[in-house]
Amino acid sequence: SPRRFMALSNPGLASLLTRELGEGWLHHLDDLRGLERLADDRAFRAEWREIKHLNKVCLAHMVAERTGVAPDARALFDIQVKRIHEYK
């Protein structure tokens, strides 16, 4: 499921969600509605933004290592990923 994929690919955000919502969000999409009560919580939003920024810093380092181009982690990243099928 997309929720389990996020748990594996974004452990920082998954940890924040689990701390705030419990582990049920991994199996039940409706549990993510619990985020609505946190919309006005400054501390939660700040932690969410920090996690996003740290992920962008990691991505910027990876891009720099692999391509020699060092993007600014404060910039907007527009990334498209497409599966490559065996028959193509």
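The model is predicted, so to speak of local features we need pLDDT of at least 70, and side-chain atom pairs count only at pLDDT 80 or more, while totals for chains, interfaces and linings use all residues. Residues are numbered from 1 along each chain as its sequence is written, and side-chain values use heavy atoms, leaving out hydrogens and water.

**Stop 1: the whole chain.** Show the protein as a cartoon and you will find three helices and zero strands (DSSP runs of H or I with at least four residues, or of E with at least two, numbered from the N terminus). The radius of gyration is 16 Å, well over the 12 Å of the globule rule for 88 residues, so the protein is more spread out than a compact globule (C-alpha atoms are used, and the rule is 2.2 Å times the number of residues to the power 0.38).

**Stop 2: helix 3.** Now select residues 42-67, which form helix 3, and pick out F44 and W48, four residues apart or about one turn of the helix.

**Stop 3: the rings.** How are the rings of F44 and W48 arranged? Their centres are 5.8 Å apart and their planes at 50°, so the pair is tilted (Phe, Tyr and six-membered Trp rings pair with centres within 6.5 Å; under 30 degrees is stacked, over 60 edge-to-face, the rest tilted).

**Stop 4: the surface.** Is F44 buried or exposed? At 8% relative accessibility F44 is buried, while W48 is partly exposed at 28% (buried is under 20% relative accessible area, exposed over 50%, partly exposed in between, with a 1.4 Å probe and protein chains only). Across the 88 residues, 18% count as buried.
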